[in-house]
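The following exercises ask the reader to locate residues, elements and contacts in the structure shown below. Each task is followed by a solution in steps.

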Amino acid sequence: MSAAMTRVVRVGVILIVAALVPGLFVLLAGQNPWRVLATLLLYAFGPQGWSEVLVHAIPLTLIGLGVAFALRAGLFNIGADGQLIAGAVLAVFFAPYFAGWGIAGLIVFLILGSIGGAALGALVGYLRAWFGASEIIVTIMLNYVMIQMISYLIRGPMQETSRFWPQSFLIPDDCILPIIVQGTRLHAGLFVALVMVIAAAIVQRRTVLGFETSVLGANPGAAAYAGFRVKILTVIVMAISGGLAGLAGAVEVGGIYQRLQDNMSEGFGLAAIAVALIARLEAAAIPFAACLFGIFFAGSGALQRELALPFPLVWIIEASVIFAVAALQWALPSRKAIA
Amino acid sequence: MGTTKPKGDRLMDALFITALLAATIRLGMAIGLAAIGEAASERSGIFNIGIEGIMLSGAFAAAWGSVRTGSPWLGVLFAIIIGLILAGVHAFMVLLLRIDQFVSGIGMVIFGLGFSSFVARLTIGAKPTSVQGLAPVDLGAISHIPIIGPVLFAQSPLAYIALALAIATGWVINRTAFGLEIRACGENAEVAETLAIPVRQRQTACILFGGITAGLGGAYLSVVQVNAFVENMVAGRGFLAVACVMLGRRRPVVAFLAALGFGLAEATQIRLQTQYPDLPYQFLVILPYIAAIAALVIGHARRGMKAA
Amino acid sequence: MTPLLEARGLNKSYGQLRANDDVSFSIFPGEIVGIVGENGAGKSTLVKMLGGALAPDSGEILISGSVVALHSPADAQKAGISLVHQHFNLIEDLTVEENLVLGRPELRHGILRFKELRPEFASVAEDLGTHIAFDSRISTLSVGGRQQVELIRALFHDPRLLILDEPTAVLPPDERDRLLRFIRLLKGRGTATILISHKLDDLYDCCDRAVVMRAGRVVGTSELRPGDRAELIRLIVGAELPPPDTRHGTRGAALVSVKELVVYRDNGTVAVDHGSFDLHAGEIVGLCGVEGNGQTELLHALAGMRPVQSGEITFAVGSRPVTNAGAALLRRIGVAHIPEDRLHYAVVAAFSLTLNWLLRKLSNPRFIAWGLLRRQAAAKATATAIKDNDVRASGPRARMADLSGGNQQKFVIARELGEDVAVILAGHPTRGLDIRTVVAIRNRLVAERARGVAILLLSADLAEVWDVADRIMVMARGRLRGPVPVAETTLAEIGHWMTTP
C-alpha cells in the first residue's frame with residue numbers, strides 16, 4: 001500500500017472509531033445515533049439553538065485561549081474551573097463599589113475578573129517555577145479548593161439579602177453585559193471573546209512574549225541559552241492563562257448569571273483543553289473549535305429533552321474528540337517548520 | 001505532682017485515636033490502591049493522569065456489578081476488567097500512536113466522567129439503589145483487641161489485598177529481573193531498547209497493572225467505603241494518587257503510605273467538622289487538597305536544597 | 001586460512017544518501033584491524049551492520065567462511081561478535097552489576113541474585129585489570145570506568161571478535177594507553193579486534209593494519225609502516241582541504257576574568273571548585289579535561305546559563321564591565337556562545353531557520369520593535385546568512401531538523417559570530433562534523449582571533465586544541481590547572497593533569 005493510501009485508511013479508521021464510541025453509548029440508551037446527529041445539527045443551526053451554541057462558545061473560547069497559551073509553553077493548566085471561580089468571585093465582590101459608573105464599571109468588573117484568575121494562575125506558576133510542584137496536580141487541587149470557597153461565600157458573607165438561597169447578591173446593572181440579540185441569551189461577552197482572540201493571535205505570532213513562550217515549550221534548554229528568564233516567564237504564562245479563565249468567569253456572571261452560584265463552570269475547564277487541542281493551539285482556530293463544543297454542550301440539552309439522553313453523553317463525545325484529534329496528528333504528521 | 005486523667009477521659013482518647021486511625025486506613029485505601037499501580041507505571045516511564053477516570057469507571061462498574069449480580073466480589077471483578085480495558089486504550093495511544101501522555105490521560109478522565117455518569121443514569125442511578133458492599137473482616141478475638149484490633153484487623157478484605165499488592169509490587173520492582181528491566185525502561189528507554197529489552201511490552205504490563213489497581217481503587221470507593229455510586233464520587237482522588245507517586249518517588253510502598261497520609265487528612269477533616277460545628281465545613285473539606293499542594297512544595301523544596 | 005569475519009560488497013543507503021557503498025574487507029583470528037575515516041565516512045553504519053543492529057541492503061557477511069544473517073544484536077552475539085558502542089549503553093542511576101545483568105539477556109530471569117553473579121563478573125574484571133565496585137552507580141564512575149563496564153559486558157560472551165567504536169575519543173592519555181595494551185592482550189589470546197577511529201595515532205599504536213573509508217567506500221588499506229602516514233592522511237581526507245589558517249593574534253587586554261568561581265551541578269555536587277583565570281583579547285585558550293569534570297558547567301556559567309554559587313565572572317566588554325550577568329545581557333554586549341550540545345540548547349529543531357535566527361537576536365532593533373517581531377527583516381537576514389556561510393538549506397523557512405549536523409552547526413556559528421562579538425565561548429564546536437566543516441570552523445576561529453576576539457575553546461580532542469590554542473587549561477574534578485602557554489608544556493603533562501586533580 002502506498003504511503004498516501006495508508007494515511008487515508010488510517011484517517012478513515014480513526015474517524016469511524018471516533019464516531020462509533022459515542023454511537024455505541026447512544027445505542028445503549030436505546031436511541032438511534034443518526035437521530036442524535038440530526039437532532040444536534042437541527043438544534044444547533046435552528047432558530048432556538050444557534051444563540052445557545054454561541055453562548056457556550058464564549059467561555060470556551062476565552063478559557064481555550066488561556067489553555068492553549070499555557071500549553072504552547074509546555075504547561076498544562078487544568079485549573080481553569082478554579083480560576084474562573086476566582087475571577088468571578090473577585091469581580092462580584094467589588095462590584096457594588098462601582099455601581100453607577102456606567103460602562104467604566106463594566107470594564108472594571110471584567111478587569112477584576114481577569115485579575116482574580118491571573119492571581120491564582122500566577123500562584124500555580126510560582127509554585128511550579130520555584131519549587132518544581134507539578135502544575136497539573138496543583139491546578140486540579142485548587143479547582144476543588146475554589147469550589148468549596150465559592151460554596152462557602154454564597155452561603156455566608158456574599159449571600160443574597162434574604163439569606164435563603166445559596167447564591168450571592170445581584171451585581172449592579174452597570175456590570176451586566178447587555179443582550180445583543182433580542183429573545184436570546186446571547187450577550188456582549190461575544191465581543192469580549194472576539195477581542196481576546198485577536199489579541200491572543202497577535203501576541204502569539206508577533207510579540208516577543210509569544211515567541212519566548214513557544215521556545216519554552218519547544219526546547220527549554222534553548223530558552224535558557226537565549227537568556228529567557230524561565231521562572232518569571234512561567235509565572236507570566238500561567239497568570240495570563242488564569243487571567244483568561246477569570247475573565248470568562250466575569251463574563252459568565254455579567255452575561256448569564258448576574259450573581260455567583262454553585263456549578264457556574266459546568267466543566268468548561270476540561271472541555272477547553274479539548275478545544276485547545278483541536279485548534280492545534282492556534283488562537284485563530286480556537287473560536288471555531290469552541291463553537292463545535294458549543295454545539296455539543298447546547299445540543300445536549302435538546303438531546304435530553306427530546307431523546308432522554310443524559311447530559312454526560314457530552315463528556316463521552318468530548319473524550320472521543322480528544323483521542324481522535326491526537327490520533328489524527330499521528331496519522332498526518334506535519335513536516336512543516338513552525339515559522 | 002501530676003494528675004492522671006480520669007478513666008473515662010482516657011477511654012475517650014483511646015476511642016478517638018482508634019476511630020481516627022481506622023478511618024485513616026479506610027479513607028486512604030482507594031487512593032493507595034490506585035497509587036500502587038501508578039507507581040509501577042511511572043517507574044516504567046509512563047504517566048497515567050487518567051486514573052481518575054479509570055477509578056470512576058471502576059467505581060461504577062463495581063457498583064453496577066454488585067447490584068446486578070448481588071455479589072460485591074463480582075462487582076470488583078468488573079471494576080478490574082474495565083480498568084484493564086481503559087488502561088489498554090491508554091497504552092495503545094501512548095506507546096503505539098505516540099500520543100502525548102497527558103493528552104491521553106485527560107481524555108481518559110473525561111471519558112470516565114462521561115461513561116460512569118451516563119450509564120449510571122440509565123441503570124442504577126436512575127433511582128436510589130443500595131449497593132451490596134464488602135463486609136469488613138472479622139477475625140474474632142484479634143479484631144477486638146483495644147485500638148489495634150479495629151484499626152488493623154477489622155478492615156475490608158480489599159485493604160489487606162492492597163497492602164499485599166503494595167509490598168509485592170515493591171519487591172518485584174527491586175528484586176526481580178523483570179523489575180530491573182522495568183526500571184531500565186523508566187530511566188532510559190533508548191538504552192533499554194538497545195539492550196534488547198522489550199520496552200513496549202514492559203511498559204504495557206505496567207500500564208495495565210496501573211489500570212487494575214485504579215479499577216480496584218474505584219471499586220473500593222463504591223463497594224466498601226460508601227456502598228453506593230454517586231456521580232463524580234472519586235472527587236480528585238485519582239489525582240491525589242498521582243501526587244502520592246510523585247511524593248513517594250515512584251516507590252509503591254512509599255506512595256501507598258503517602259496515600260494513607262491523605263487518608264489521615266481526610267479523617268482529621270471529618271472529625272474536626274464534628275468537633276467544631278461552627279467552623280464552615282468548606283474550610284475543612286479542602287484540607288486534603290491543601291495538604292497535597294503543601295506536600296508537593298515541601299517535597300521538591302527539600303530536593304532542591306541540596307543543589308542550593 | 002579462512003578469515004574470521006569477511007564483509008563482501010555491503011551496501012546501505014538512506015534515501016539518496018549512500019552510507020556504505022560496496023564495502024568489503026576481512027579480518028583474521030587474532031588480528032587487530034583499524035577502520036579509519038573521518039566523520040561521515042560510513043564507519044558507524046558499517047559497525048551497525050556488523051553488530052546486527054542494521055541489515056544491509058545487499059552484500060554478505062561471512063563468519064569463518066559461512067554466510068550469516070545478523071538480524072539482531074543477539075544474532076551477532078551468537079556469532080561471536082561483541083560490540084562496544086561509542087555512546088555507552090549504560091543506565092546512569094542503576095548500579096554496575098544491574099547494568100551488567102541488563103546486558104546479558106540470558107541472566108534476565110527470575111529473582112536477581114547478585115551475590116552469586118559477582119564472582120563471575122569479578123573474574124572478567126580481573127582479566128581487564130579493573131577494580132570496580134559492582135554495587136556503585138554508573139553515575140559515580142568516570143568515563144574510563146564506564147568504558148570498563150562496557151568492556152566487561154562485551155567480554156562475557158567470550159567473543160571471537162571485539163568491535164570497538166571510537167573507544168579513545170573520551171579517554172585521557174593514560175587510560176587510552178591502558179585500553180590499547182588490553183587490546184593487544186586480547187590478541188595474544190586469539191581474539192580479533194576491529195578498532196574504529198578517526199585518529200591515526202590509535203592505528204599506529206596498536207593495529208596490525210588499517211582499512212580506510214571515505215564517503216561510504218573503502219578507498220584503501222595500509223600496513224601501517226611508519227612512512228605511510230602522509231599517504232594515509234591523503235586517503236582519509238581525499239581531495240585537498242583548504243589550507244589551515246595559521247595567523248596568530250596579538251594578545252591584548254583581559255576581556256574575561258574569573259575569580260574563585262564555584263558552580264554546582266543540578267544534583268548539588270560541586271562542578272567548578274574555586275576556579276580562576278583570565279581570557280585576553282586576541283588569544284585562544286583551550287579548555288581540556290575528561291568529560292564530566294565540570295567543563296560543561298563552567299562554560300554554562302560563563303555563558304550566563306547556570307547560576308554562580310560564589311565567585312565572580314567579569315566581562316570587560318563594551319562600555320562598562322558586567323559581573324555574573326545573564327545570557328541575554330551577555331549576548332547584547334558581544335559575548336558569543338556556541339553550546340556543546342546543539343540539539344538541547346543551540347537550536348529548536350521544530351522551528352524554521354528564521355525563528356532560530358531570532359532566538360539570539362531578540363535585543364537587536366533590526367528584528368524587534370516595541371516588543372513586536374520584525375519577521376520579514378529576520379527572514380531576509382537569515383537568507384543572507386545561509387548564503388554567506390555555505391549552509392545547505394532550502395531557505396529561511398526550512399525546518400532546522402531537516403538540516404545535517406554540519407549545516408546546523410554552520411548556521412549556529414553564522415548566527416553567533418558577527419562584527420559586534422568580542423568574546424567567543426565555544427563548546428566542542430567541531431565534534432562529530434565532517435572534516436571539511438571542521439577545518440572551516442577552525443579557520444573561522446583563527447580569523448576571529450586575528451581580529452582581536454578572545455576565545456575559550458572547550459574540546460576533548462587534545463590534538464586539535466594543541467594545533468590552535470595559545471594557552472591551555474585543564475579541568476580535573478572541578479579544579480582548574482593553568483592556563484599555561486602551549487609552548488611551555490607538553491602533551492604528556494597536559495594528559496597527566498587531566499587525570500590528577
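**Exercise 1. Which residues of H1(C) are buried, and what follows for this helix?**

Solution. Step 1: the buried residues in H1(C) are Lys43(C), Thr45(C), Leu46(C), Val47(C), Lys48(C), Met49(C) and Leu50(C). A residue is buried if 20 or more other C-beta atoms lie within 10 Å of its own, exposed if 12 or fewer, and partly exposed in between, with C-beta atoms placed from the backbone. Helices (H or I, at least four residues) and strands (E, at least two) are DSSP runs, numbered from the N terminus.

Step 1: seven of the eight residues of helix H1 (residues 43-50) of chain C are buried, so the helix is largely enclosed by the rest of the structure.

Step 2: just after H1(C), Gly52(C) adopts a positive phi of about 85 degrees.

The model is predicted: local features need pLDDT of at least 70, side-chain atom pairs count only at pLDDT 80 or more, and totals for chains, interfaces and linings use all residues. Residues are numbered from 1 along each chain as its sequence is written, while chains are lettered from A and ligands numbered from 1 in the order in which they are written.

**Exercise 2. Describe strand S6 of chain C and its pairing with S7(C).**

Solution. Step 1: from strand S6 (residues 81-84) of chain C, Ile81(C) and Leu83(C) point one way, and Ser82(C) and Val84(C) the other way. In a regular strand the side chains alternate between the two faces of the sheet. All four residues of this list are buried.

Step 1: S6(C) pairs with strand S7 (residues 161-165) of chain C in the parallel sense, over four bridges; strands pair if DSSP finds at least two bridges between them.

**Exercise 3. In what order do the four strands of the open sheet in chain C stand, and which strands are at its edges?**

Solution. Step 1: the order is S12-S11-S14-S15 (chain C), with antiparallel pairing.

Step 1: strand S12 (270-280) and strand S15 (322-323) of chain C stand at the edges; each has a single partner strand, so one side of each is left without a neighbour in the sheet.

Step 2: strand S11 (residues 254-264) of chain C is joined to S12(C) by eight bridges. Leu261(C) has Gly275(C) as its bridge partner in S12(C).

Step 3: helix H9 (residues 295-302) of chain C packs on the sheet and touches S11, S12 and strand S14 (310-315) of chain C. The direction of H9(C) makes about 55 degrees with that of S12(C); axes are lines fitted to C-alpha atoms, for helices over the stretch in contact, and angles run from 0 to 180 degrees between N-to-C directions.

**Exercise 4. How many residues does each side contribute to the contact of chain B with chain A?**

Solution. Step 1: chain B supplies 38 residues and chain A supplies 36 residues. Two residues are in contact if their C-beta atoms, placed from the backbone, lie within 7 Å.

Step 1: on the side of chain B that touches chain A, H4(B) gives the most, with 14 residues.

Step 2: this side of chain B divides into 28 nonpolar, eight polar and two charged residues. Ala, Val, Leu, Ile, Met, Phe, Trp, Tyr, Cys and Pro count as nonpolar, Asp, Glu, Lys and Arg as charged, and the others, Gly among them, as polar.

**Exercise 5. How many residues of chain C are in contact with chain A, and how do they divide by class?**

Solution. Step 1: 28 residues of chain C are in contact with 16 residues of chain A.

Step 1: helix H10 (327-333), helix H11 (342-346), helix H12 (353-358) and strand S18 (372-373) of chain C each supply at least two residues of the side that touches chain A.

Step 2: that side of chain C comprises 18 nonpolar, six polar and four charged residues.

**Exercise 6. Where is Pro166(A) placed, and which residues does it touch?**

Solution. Step 1: Pro166(A) is in the loop between helix H6 (135-155) and helix H7 (189-206) of chain A.

Step 1: Pro166(A) has 15 C-beta neighbours inside 10 Å and therefore counts as partly exposed.

Step 2: not counting residues up to four places away in sequence, Pro166(A) touches Ile154(A), Arg155(A), Gln261(A) and Asp262(A).
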